[in-house]
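Below is a walk through a predicted model.

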Amino acid sequence: MKNTRVSRRRMLASSAGLGAAAMIGGRGALAAPSSPARRPRSEFQEEITLDVFVHANHPFDMIKPIYEAMYPNVTLNMMEQNDVAILRAALAAGEGVPDIFWPEIEMVQELGKTGILLDVTDIVEANADVLSPGKTAECFIPSTDKYAAFPGDIATVGLYYRQDKLDEAGVTIPDSWTWDEFLEAGKQIKEATGAASLVIPSGGTSTSAHLFTFLLCQLGGAITNADGTEITFDNDLGIQAMEQAARLYQADIHIDEEPFEENYFAEIAAGNVAITPQAVWYRGFGIAPNAIDEQGGLGQWRTALLPSAGEGSLRTANLGGAAIASTTYTEHPEEVKNFMTLAMATMEGAEAGGQWGIQPPYLPYLESDTWTSVRDEAFGEFSFNSVWTQAVAEYPATWYKQPVYLEALTTIGAGIIPLLDGSTDITEGLTAMGDQVREINTRYQ
Amino acid sequence: MSSVFVQPSAPYRPPSRWQAFRRVLKEHWQDYLFISPFFILFAVFFAYPIFWALQLSFQKWDGVTDPTWVGLDNYRFVLRDPITRQMFYNTFRFLILIVPLGIMLPLVLGVLLNLSFLRFRGIFRTLIFIPTVSSLVGIGIVWKLLFGAANGWLNAVLSHVGLGPYKWLKDAHLAQVPIVTLALWGSIGFTTLIVLGGLQAIDEDIYDAAKIDGASPFSQFWQITLPLLRPIVVFLLITTTIMVMTLFSQPYIVTEGGPSNQPLTPLLHIYRIGVGSTGAARIGDASALTFILSIVMITVVVMQFLITRRRESD
């Protein structure tokens with residue numbers, strides 16, 4: 001048995017090692033020295049290279065020169081690779097594991113429980129006062145009582161809307177309103193302009209469940225409890241959220257497309273979208289690239305907090321947002337922690353990430369003029385980031401993303417349309433989904 | 001009377017298996033050396049992973065922590081899982097849609113491309129083979145654009161005759177169309193080539209004799225071509241069935257397994273749970289499902305083979 005384990009680890013190690021070597025080799029050939037004003041390296045400092053798994057065109061690329069200037073003996077090897085499968089293969093082999101990577105929160109929770117992630121409790125606690133509490137809570141592992149990752153981008157959710165379309169329909173977004181009032185406004189907008197106020201794909205993918213999750217999150221509910229041992233989305237709050245989602249769906253003010261795909265982008269560009277509830281990162285992802293002329297709403301886009309989902313409702317929700325993590329395999333934990341702190345808990349790092357388009361968790365930056373004065377042609381002179389700063393203040397600490405999270409969303413998405421269109425009883429349908437996810441959740445315990 | 005005394009000799013002992021093996025090895029070691037790369041590669045990249053996967057199917061493993069032995073628990077779970085039932089049902093539906101068309105279309109195209117009076121046969125044969133050498137991923141993306149609801153090319157064409165727009169990629173029933181057509185399109189070149197090979201192997205004299213007897217073209221096809229192509233048809237039946245049961249790229253690229261898991265195929269589901277693209281990696285469950293799928297595939301193919309062989313002997 002032992003021999004088998006050794007040989008398969010070796011086999012995986014060879015594969016991962018070869019892959020990593022190829023990538024390192026490739027990057028080595030391509031990487032151009034870009035750090036300005038490097039400090040001279042001390043003769044006594046050890047030369048260190050940290051392997052970093054990143055998405056293509058990632059904020060880390062903007063943080064790299066700042067970090068390397070600050071720590072001249074450390075080189076960040078940016079490997080444009082953040083594929084879950086490759087990361088898992090590397091972890092399984094114990095070879096080719098990056099020093100720094102950018103996992104989603106459910107992966108932090110999954111790997112954090114195993115103890116394979118680097119314990120960063122010391123730096124998180126040292127910076128707790130300046131970090132978003134909601135985002136910080138996502139990196140906490142209840143079973144180990146430690147922080148397994150450093151807070152990354154905050155994915156607050158709000159409304160993107162077109163001022164010209166609302167003006168045409170005679171609709172004004174008040175400071176405080178409910179989803180039912182939103183529904184009426186949506187009907188008014190559709191009647192006057194033909195444009196939609198929601199996007200609900202009927203394709204049965206996890207995005208079909210987004211509106212439901214926003215509402216559930218606003219109401220203080222969650223998919224699971226804090227440690228992931230219980231499935232909670234089919235409780236009373238879940239039913240309340242689903243009933244509201246069904247009312248919105250049946251109002252027929254939505255576009256039936258995937259919000260992150262070309263067809264919906266085309267709808268935005270064609271002026272068929274008046275309002276869309278999306279995360280902060282959707283500006284760079286879906287709005288700005290498609291609001292390139294008058295038809296697409298150039299200069300007319302605005303942001304607002306979500307309508308209230310009921311008593312005590314939050315005005316924002318959670319849609320994604322990663323963290324920075326490392327593993328116990330790293331040979332340079334201090335340098336890794338320095339990077340994490342610089343990237344997400346200093347004005348320099350937060351500004352670099354903010355320029356790229358993420359919403360960092362560093363509160364002084366989010367309250368600074370640097371953040372709120374960011375402008376985008378699609379939004380004219382509107383300070384869209386001011387709205388996101390308000391949203392951060394309400395960002396929930398109870399939207400738990402345990403390992404079963406994605407499978408739960410997939411299950412809900414696959415079965416949600418009959419609940420939304422009224423062909424299946426909401427309580428019965430939601431309970432059936434809950435039971436199905438409970439079965440799956442046994443695999444994660 | 002003389003007698004001959006025969007000294008009893010030692011009884012003949014055939015060489016043991018090991019001795020025989022050593023002798024053969026000694027005589028033919030160069031031959032074995034030359035074929036050994038295949039066996040080494042087979043052992044490392046096929047046999048070992050299969051046995052390891054079998055072992056994993058009885059273990060709970062997330063790819064990070066040490067695996068733990070859970071006996072038949074993975075098999076019990078995946079067999080009870082409603083998604084397993086759904087994916088096998090989907091596969092059955094794809095079998096019904098794709099297998100008959102996957103046999104009939106190459107037969108028709110093969111016969112047409114074999115017509116001696118057809119001009120530009122070479123060009124047509126080349127064109128029909130292009131899908132085989134095209135990247136399925138690239139074509140999958142084209143398919144997605146083709147069948148898009150708002151800006152899809154197909155809907156644009158249909159709108160000119162007052163039809164649509166149809167949600168080809170969103171509707172649970174319509175979503176079968178892009179996947180079925182993509183699967184057929186991708187395989188048509190190879191299968192037509194096989195049929196063409198079979199047709200060209202049929203002796204022309206048989207057709208000449210039939211013509212003298214006054215057989216019509218249809219009758220020639222029905223009485224001569226089809227019976228003589230029976231082995232080809234059986235081959236197509238089996239390979240198309242295997243192709244359908246192992247569909248992955250088509251649903252993955254075109255609809256990502258949606259809508260509502262309707263086009264979810266076994267391999268796509270195994271990939272999802274094994275790699276952890278929709279959650280943590282459940283490698284034990286994925287391995288168990290792989291062996292269940294293998295058993296189902298072997299059973300279906302053996303049944304097809306036995307049925308067709310029995311008909312042949314009848």
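Which side chain meets that of Lys64(A) in a salt bridge? The partner is Glu68(A), with 3.0 Å from N to O. Side chains of opposite charge can pair when their charged atoms come close. Both Lys64(A) and Glu68(A) belong to helix H2 of chain A, which covers residues 59–70. Four residues separate Lys64(A) from Glu68(A), about one turn of the helix. Counted over all chains, the model has 20 salt bridges by the rule used here.

Salt bridges also occur between the chains: seven are found across the interface of chain B and chain A. An example can be given by residue. Asp256(A) pairs with Lys167(B) in a salt bridge, and their closest N and O atoms are 2.8 Å apart. The contact itself involves 39 residues of chain A and 43 residues of chain B. Together, chain A and chain B bury about 3,300 Å² between them. Of this buried area, 52% is on carbon and sulfur atoms.

The last stop is a patch of charge on chain B. Asp203(B), Glu204(B), Asp205(B) and Asp208(B) form a negative surface patch.

Note on methods: Residues numbered from 1 in each chain as written. Chains lettered and ligands numbered in written order. Predicted model: local features only at pLDDT ≥ 70, side-chain atom pairs only at ≥ 80, totals over all residues. Heavy atoms only, no water. Patch = residues over 30% accessible without salt bridge, like charges linked within 9 Å, V, L, I, M, F, W, Y side chains within 5 Å. Areas by Shrake-Rupley, 256 points an atom, 1.4 Å probe, with all protein chains shown as cover. Salt bridge = Lys/Arg side-chain N within 4 Å of Asp/Glu carboxyl O. Lys, Arg positive; Asp, Glu negative; His and termini not counted. Charge placed at Lys NZ, Arg CZ, Asp CG, Glu CD. Contact = heavy atoms within 4.5 Å. Buried area = accessible area lost by both parts, 1.4 Å probe. Helix = DSSP H or I, 4+ residues; strand = E, 2+ residues; numbered from the N terminus.
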